[in-house]
Amino acid sequence: MDFLESDYEDDIDDTTYDAPKPLHVTGHDVAMGKDIQGIDWSSLPVTRENFRDSRMANYQNFRNCDREDGEIRDLAQNVTLVDQSREFFKFRYTKMRDKCSIDHFQLRNLLWPTSKNDVFYTYDTTVRHWCPLARTSTTALQLREHEMGFVKISTMAAKHGVLLVGGFGGEYIYRNIFQPSDPFYHYDSPSSDSLTKSITSTNRTTSTNKNQAAPAIQKGAFTKCENGITNHLDIAQARSGTLSAIVSSNDNRARIMDLASAKITHEFAFNFAVNCTALSPDKRLLVIAGDQKESLLVDAESGEKISSLLGHFDYSFACAWSPTGHIIATGNQDMTCRLYDTRNMSKAYCVLKGNIGAIRSIRFSDDGTLLGMAEAADFVHVFDMTAPFVPKAETPYSGGSEGYPSQVLDFFGEIAGFGFTPGEAEGLFVGNADMTYGSILEFERKRSNVFSSLSSMCI
């Protein structure tokens with residue numbers, strides 16, 4: 001992983017022109033013709049179509065490896081045909097004053113929905129909570145209150161009632177969320193009582209608010225290495241049922257930490273920076289993606305290499321395991337997401353290509369029916385994993401009425417993170433870090449029958 005600031009710095013700048021920005025945009029506004037980001041294109045000297053063409057032509061995707069002619073031919077021959085005309089989600093709402101911040105241009109897992117009404121995202125030294133129901137934001141974790149104001153947030157995770165944050169210097173801090181003292185607490189919030197009872201370390205701190213008993217805070221460091229950036233975090237239940245942090249670090253290590261005791265239970269060393277790690281649904285295997293072209297499949301107990309996942313032309317920063325356990329997805333700076341079948345990993349069976357940038361974040365829906373991949377900027381792609389597979393495109397990147405069913409969410413700005421809501425993915429949220437039009441973009445599942453629609457309205 002490199003220490004540059006951004007892939008591209010061409011944010012939408014309308015400060016020279018009289019273009020007032022709305023406070024929010026609703027689904028009704030969009031139905032009436034308004035842009036989902038509230039951009040008044042009529043007041044700008046460029047149309048949306050022309051600006052999109054300019055971005056497509058001029059966006060500079062960052063690469064670590066020079067591309068060879070053979071790799072270009074291979075991509076053209078193997079990219080999967082997709083049908084981009086589907087609509088799995090429709091725009092619902094965005095509030096223009098709430099947006100994510102990005103401290104490292106290659107690390108884009110800075111937003112996590114934990115329910116339809118709970119979205120956590122980073123801004124500066126703060127993790128904020130967005131409630132789509134109330135349409136309000138509150139502070140979930142302020143690092144300065146815990147003597148960690150010096151920490152630059154590199155990544156985060158929010159799952160199983162735990163909020164976990166990693167920093168540039170290998171630091172971490174985590175807490176239980178959805179406690180009665182939280183301003184965003186609601187009666188059906190998920191909880192993690194077993195973790196609450198187990199946090200007893202001397203590193204534990206509490207809020208300075210004497211009127212409320214704050215949830216326990218645990219803080220420390222995964223590593224003391226100078227090059228120990230925390231590149232990726234996930235939270236998973238171990239085979240024993242306890243909660244563990246799956247940690248990917250720039251010091252060439254993948255670690256598993258028991259969250260109840262804050263003890264590292266497993267540490268695996270590699271000869272490359274580890275950018276992302278995914279635990280298999282049966283808890284027996286890990287996918288390791290990092291600063292090399294191939295990703296690795298290793299034993300989750302011993303770290304022993306089992307297989308290599310080949311095909312990418314650059315470094316990978318994203319990986320995910322489908323809930324079925326049969327599909328592994330990897331995202332790479334070569335602008336592709338590759339899918340591997342664990343029953344035959346000799347080569348990727350599917351190559352999904354982005355439009356302008358590296359694939360920096362990948363998520364499966366909990367039910368395994370959808371796969372989402374986010375580019376560095378402007379595009380989030382959603383694929384129907386239940387559809388029959390179409391091997392490759394006769395005309396590369398053509399889309400059309402045949403191919404792998406997909407939807408492309410098209411907007412402008414660097415993407416800090418995205419995620420489906422748990423369960424059947426009734427919602428999808430995107431963190432946009434654009435300096436002018438950054439926001440939390442909310443999309444809701446488009447269902448074909450009234451019963452599904454009524455179900456999606458339940459809180």
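The following points describe the fold and some selected details of this predicted model.

1. Basis of the note. The model is predicted, so local features are taken from residues with pLDDT of at least 70 and side-chain atom pairs count only at pLDDT 80 or more, while totals for chains, interfaces and linings use all residues. Residues are numbered from 1 along each chain as its sequence is written, and side-chain values use heavy atoms, with hydrogens and water left out.

2. Overall composition. The protein contains 5 helices and 29 strands; helices (H or I, at least four residues) and strands (E, at least two) are DSSP runs, numbered from the N terminus. Of the 459 residues, 58% are buried, where buried means under 20% relative accessible area, exposed over 50%, and partly exposed in between (1.4 Å probe, protein chains only).

3. Contacts along the chain. A contact means heavy atoms within 4.5 Å. Among contacts between residues at least 6 apart in sequence, 58% join residues at least 24 apart.

4. Strand β17 and its partners. Strand β17 (residues 285-290) has 5 of its 6 residues buried. Two strands pair if DSSP finds at least two bridges between them. Strand β16 (residues 274-279) runs antiparallel to β17 and is joined to β17 by 5 bridges, with Cys276 opposite Ala289. Strand β18 (residues 295-299) also pairs with β17 in the antiparallel sense, over 4 bridges; here Leu285 has Asp299 as its bridge partner.

5. The two hairpins. β16 and β17 form a hairpin with 5 residues between them, and Lys283 in the turn has a positive phi of about 70°. β17 and β18 form a hairpin with 4 residues between them.

6. An open sheet. Four strands form an open antiparallel sheet in the order β20-β21-β22-β23. β20 (316-321) and β23 (350-353) stand at the edges, each with a single partner strand, so one side of each lacks a neighbour in the sheet. Neighbouring strands are turned by 20° against each other on average, direction ignored; the axes are lines fitted to C-alpha atoms, and angles run from 0 to 180 degrees between N-to-C directions. Between strand β22 (residues 336-341) and β23 there are 4 bridges, and Arg338 stands opposite Val351.

7. Tyr121. This residue lies in strand β5 (residues 118-123) and counts as buried because its relative accessibility is 2%. The C-alpha atoms of Tyr121 and Gly431 are separated by 7.6 Å, although the two residues are 310 residues apart along the chain.
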